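Please look over the structure below before reading on.

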2 protein chains.
Amino acid sequence: MQDKEITIYDLAERLNISATTVSRGLQDHPAINKKTKKRIFDLATELGYRSNKFASNLRKQKTNTIGVIVPRLNSLFMSSVLSGIEKIVNNAGYNLIISQSFEQEAKEKTNTTTMFNSRVDGLIVSLASDTQDFSHFDTFIKKNIPVIFFDRIAESIQSTKVLIDNFKAGYKATEHLIEQGCKEIVHITGNTARNVYKDRFEGYKKALSDYSISFDPTLFISNDLTEQSVQDALINNVLKRDKLPDGLFITNDSSAAFALTILKEAGLKVPEDIAIVGFNNDLISRVTEPAITTINYPGNEMGENIARILINHLDGTGDLSFTSTVILNTELMVRASSQRKK
Amino acid sequence: MQDKEITIYDLAERLNISATTVSRGLQDHPAINKKTKKRIFDLATELGYRSNKFASNLRKQKTNTIGVIVPRLNSLFMSSVLSGIEKIVNNAGYNLIISQSFEQEAKEKTNTTTMFNSRVDGLIVSLASDTQDFSHFDTFIKKNIPVIFFDRIAESIQSTKVLIDNFKAGYKATEHLIEQGCKEIVHITGNTARNVYKDRFEGYKKALSDYSISFDPTLFISNDLTEQSVQDALINNVLKRDKLPDGLFITNDSSAAFALTILKEAGLKVPEDIAIVGFNNDLISRVTEPAITTINYPGNEMGENIARILINHLDGTGDLSFTSTVILNTELMVRASSQRKK
């Protein structure tokens, strides 16, 4: 379907100059004068010449591509992280290949094989919800292809990890609810096989314990955080309890906003009857009524950090040992959904 | 940094079988028995063998990669489209390379050059806000590399376009506000150099005209739709008018939700004082109080459609002429933010 590839020899012949001059001109070599460079560039554009990066990469065993595997692309948090990654790697001359595991270990394994065969120079991963075996990353580690985990990490793998202090965030969210007078705090979260959910849950339990509130396992709900699951958890569980809970800590803002609408529809007053804390600080947490108290999780900044660490490592200018763990700061953003004491 | 590449000859030597057998085994050829296949696969995994797609692609002049250039990654609409595209191209054995123009023509041009030099088999584009010259796509067209435009398209380029009927959507949104009794309808939108904003604006004007309401240019505000711009437009313009408008049609849901909070803070009742219609049907439009009337714009479905058309074209099984325009259906979702007549 495509025409014959244009080479620097074709350009040289048409311009009646040497192939060396064409090659230098295309690389903006100072020995070639501006007028000649312009003639070379104009003809290259006209004929559709493509720099032969592809073949030269094959020789160098470098593809200048970075692979990213995420659970799902369509969340605002994930797209902010991706946006941050793309900005940095693109400026550094790398292409970004993305794929999604749809939260499934099997798909994640297929994705890593594809990335491996595509010879990515580095891999950035946030784990699927149900991944239990991590052997699909071994081939990368063995070949010294750097793998960075972010957000949902594999603790057992020796590689760079970029994340927030989920324990502390979970603790702060829960402590805040306790300080507002809540005593029966529901925690709705994802699969605690993943560090992000496990650590937030541990923070939740530690805060309860520090304030002498005993942990009630029936107030802890772990699901896939889809709208359907959040609705089920609230309507078939939380709202059917003899004594209604007075606090809700739910680990993303979309779910928190959706939960807020369900609780209001059920006739509850927020924060008077039930105080709510979300997670991420997405725009959605600021437009509900009341606005939702949340943990600021800077996705874009996280993406830029990940990309910088990886690029510096690939360029050999990194000042970090490649097995470091980078913890980004978070903060509690107090808004009306949880303020019961003014 | 990487070790020497493992070849099928290395595998053959270690297993004491022929390279042909290894090659056939790796391709799951029926002539090779299961036990041998397992030995080949196990050793290939152990040694980190990578199928030499890269070199074979070089010969075939095919890279099995598809490039996507979007204005920004971090919007829920865009990430839904990307998610739909990724799902289909990944299943078809293609990699997805993504980049963002950050709404700038210059960056978009650089992105297209990178995609061209990366030898993508096809390109999917939604234009930057300020792109006026389209010559950067010429090299693709000349080389018969398919380019699909979606959402924000270039009408003058002969290629497939996938979009919604923006004129009709703009008409329906405005007509609905008129039917609810609105007479002074503000329209806040993006750069009308882009078809999506121009066509919605034309629909808005046509609806006004059909209902004998004269178009007031001071009620039309075109900006970049960032939070800052929406805030400026409302606080320094709309809310300072002698007579406050009674309707607002604003062309994305995040902006609509944000506008709603500003108008409520200013003491206006929605929909009684001012009725609001947004665009996209993002989750955010359902969690505000009141919930926001909007146009359902199926991003994920659009992404899947785009990818299917492109893959079928690349595989030679497409039943569409590659210069077709595909118009996806939209519908008005009426919610409380605009219902003044019950």
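**Where the two chains meet**

The contact draws on 65 residues from chain B and 64 residues from chain A. The model described here is a predicted one, and between them chain B and chain A bury about 6,200 Å², of which 53% lies on carbon and sulfur atoms.

**Links across the interface**

- Between chain B and chain A the count of salt bridges is 4, and the side chains of E289(A) and K264(B) meet in a salt bridge at 2.4 Å, taken from N to O.
- Across the interface of chain B and chain A there are 16 residue pairs in polar contact, with both residues at pLDDT 80 or more.
- On the side of chain B that touches chain A, the largest share comes from helix α5 (residues 76–91) of chain B, which supplies 9 residues.
- Sorted by class, that side of chain B holds 22 nonpolar, 28 polar and 15 charged residues.

**Two packed helices in chain A**

- Two packed helices are described by the angle between their axes and the distance between the axes.
- In chain A, helix α2 (residues 19–26) packs with helix α3 (residues 34–47) at an angle of about 90°, and their axes are 9 Å apart.
- Because of that angle, α2(A) is roughly perpendicular to α3(A), a description that covers angles from 65 to 115 degrees.
- From α2(A), the residues T21(A), V22(A), G25(A) and L26(A) meet T36(A), K37(A), I40(A), F41(A) and A44(A) of α3(A).
- By class, this contact of α2(A) with α3(A) is made up of 5 nonpolar, 3 polar and 1 charged residues.

Note on methods. Residues numbered from 1 in each chain as written. Chains lettered and ligands numbered in written order. Predicted model: local features only at pLDDT ≥ 70, side-chain atom pairs only at ≥ 80, totals over all residues. Heavy atoms only, no water. Axes fitted to C-alpha atoms, helices over the stretch in contact; angles between N-to-C directions. Helix = DSSP H or I, 4+ residues; strand = E, 2+ residues; numbered from the N terminus. Parallel < 35°, antiparallel > 145°, perpendicular 65-115°, else oblique. Contact = heavy atoms within 4.5 Å. Nonpolar A, V, L, I, M, F, W, Y, C, P; charged D, E, K, R; others polar. Buried area = accessible area lost by both parts, 1.4 Å probe. Polar contact = N/O pair within 3.5 Å; in protein donor to acceptor, adjacent residues only side chain to side chain.
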